[in-house]
Amino acid sequence: MSNLRAIVVGSGWAAEGHARALQHHEVSIAALCGRTPEPAYALVARLGIPEVRFGWQDAIDTLKPDIVCIATPAAPHLDIATAAMTAGCHVVCEKPLALTATEAHVMFTTAPRMGVRHAYAATGYAHPIYTAARDLILGGAVGQMREIESFIQIRDAERTPYSWVHQLEQGGGMLNNIFPHQLQQLTYVTGAEVVAATGDARPLQARVPFVGDVHDFCQLFMPLTDEQLARAEWREPTVDVAYSVVVKLRFPDASEATALVHLTHGPGRLQPSRLVLHGERGSVALEGDMWTNERLRRFNEGWEEVDVPVGVGDPVQAQWDQFFGAFLDDVRGHPSEPYPTFEDGWVAAEVIGAMREGRWWRCAERIAVADGGS
């Protein structure tokens, strides 16, 4: 399948990332499906996409693409994915996979029945530094894994403008939008699978400044000024802003390790975000921003730097490019690097739902298999 055709549903930051990655890997984009004319037309003009459609169902039915990329907030994911898979299209879906674990499980179980490839765009793992860390871990650098910590601190959350990210009914919240990246980093680097989790999610913010509609997710990384805050209206969010999740990982040899996955926010930052993995013989540490981790170190008798060649350009786009490269290799029938699928998205949705409800989650399906069906 060398002459692949795709449509992209969405017209924001993720949609542009998907479209550029498709073009990078020589996939023809037949149309972009938008909801708001101005950003949709601006994006197709910028990327040279032939047309805008304002009905994704009609685009699937009439254009008959090989691939449908879903780059919208979570609310319509199930409907779009179901329609695409029913039409025989391979599907790439942004995180969170769906609004609920039940919806995510429907997507995960429908894809194999339809015989289509499915990819879940928790792309935070798709960076050379994570590949290098994976090589160290799977090569035995730390021995049997014991403890892991994944820590992110967000600054200026109180200056983030109100948008769909603050609305649970649209798939907002940090559990939905940051935690999937952290979870995928854990499973990618270690080669393990998630079998249980506990923890909680916290709102922390009683109100959020509203300065008008925010269409593009990347605008949320541009803190409001004092002047903008002074003019802002204030709205009540319905989502979590921070979380602490304890995840149990199970490895192919049936050994287990515990990971603490934590995100908080505050005006001051004492240390960078990090992912640190401790084994019986040593440790591996990745430090820096979640998308641009520029430092990898390993510990045996002392800490030493590990040289990682990192490309130039937009690091976030590079992650979409790497993720799509693996997915498209698979679609084309070529040997493929591992990439997250709807199964990963369903597991993340299960954990997210449990954390919001403050309950323990245990993946009965995976544990039964690992325990020999008991």
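This is a predicted model: local features need pLDDT of at least 70, side-chain atom pairs count only at pLDDT 80 or more; totals for chains, interfaces and linings use all residues.
## The nine-stranded sheet

Let's begin with the open sheet of 9 strands, whose pairing is mixed and whose order reads β16-β15-β14-β13-β7-β12-β11-β8-β17. The edge positions belong to β16 (303–305) and β17 (361–362); each has a single partner strand, so one side of each is left without a neighbour in the sheet.

Moving along the order, strand β13 (residues 274–279) pairs with strand β14 (residues 283–287) in the antiparallel sense, over 5 bridges. Within that pairing, V276 faces A285 in β14. Strand β7 (residues 145–154) and strand β12 (residues 256–265) pair in the parallel sense, through 8 bridges. Here E149 has L260 of β12 as its bridge partner.

Strand β12 also pairs with β11: these two run antiparallel and are joined by 8 bridges. One of the facing pairs is R250 with E256 in β12. The two strands form a hairpin with 5 residues between them, and A254 in the turn has a positive phi of about 75°.

Helix α11 lies across β8 (193–202), β11 (242–250) and β17, and runs at about 35° to β8.

## The six-stranded sheet

An open sheet of 6 strands has parallel pairing, in the order β3-β2-β1-β4-β5-β6. Its edges are β3 (52–53) and β6 (118–121); each of them has a single partner strand, so one side of each is left without a neighbour in the sheet. At the β3 end, strand β2 (residues 28–33) runs parallel to β3, and 2 bridges join them. In this pairing C33 stands opposite R53 of β3.

Helix α1 (residues 13–24) lies across β1 (5–9), β2, β4 (67–70), β5 (90–94) and β6, with its direction at about 170° to β1. Helix α10 (residues 315–331) packs on the sheet as well, where it touches β4, β5 and β6, and its direction makes about 160° with that of β5.

## Helices against helices

Two packed helices are described by the angle between their axes and the distance between the axes. For helix α6 (residues 128–138) and helix α8 (residues 179–190), the axes come within 7 Å and cross at roughly 45°. The two helices are therefore oblique to each other. On the α6 side the contact is made by Y130, T131, A133, R134, I137 and L138, and on the α8 side by Q185, T187, Y188, V189 and T190. By class, the contact has 6 nonpolar, 4 polar and 1 charged residues.

How do helix α3 (residues 56–63) and helix α4 (residues 77–86) cross, and within what distance do their axes come? Their axes come within 10 Å and cross at roughly 10°. Helices α3 and α4 are therefore roughly parallel to each other. W56, Q57 and I60 of α3 meet D79, I80, A83 and A84 of α4. These contact residues divide into 5 nonpolar, 1 polar and 1 charged.

## Backbone details in two loops

In the loop between α1 and β2 sits E26. Its phi is near 60°, a positive value in a residue other than glycine.

The other loop joins β5 to α5 (101–114), and P96 lies in it. A cis peptide bond links K95 to P96, with omega about -10°.

Which residues line the second largest cavity? They are P96, L97, A98, Y120, P180, G345, A348, A349 and I352.

Helix α11 (residues 342–357) gives the most to this lining, with 4 residues. By class, the lining has 8 nonpolar, 1 polar and no charged residues.

Key. Residues are numbered from 1 along each chain as its sequence is written. Side-chain values use heavy atoms; hydrogens and water are left out. On a 1 Å grid over the protein atoms alone, a cavity is a set of points where a 1.4 Å probe fits but cannot get out, and a pocket is an open set with protein on both sides within 12 Å along at least five of seven lines; lining residues have an atom within 4 Å of a point. Ala, Val, Leu, Ile, Met, Phe, Trp, Tyr, Cys and Pro count as nonpolar, Asp, Glu, Lys and Arg as charged, and the others, Gly among them, as polar. Two strands pair if DSSP finds at least two bridges between them. Contact means heavy atoms within 4.5 Å. Axes are lines fitted to C-alpha atoms, for helices over the stretch in contact, and angles run from 0 to 180 degrees between N-to-C directions. Angles under 35 degrees count as roughly parallel, over 145 as roughly antiparallel, 65 to 115 as roughly perpendicular and the rest as oblique.
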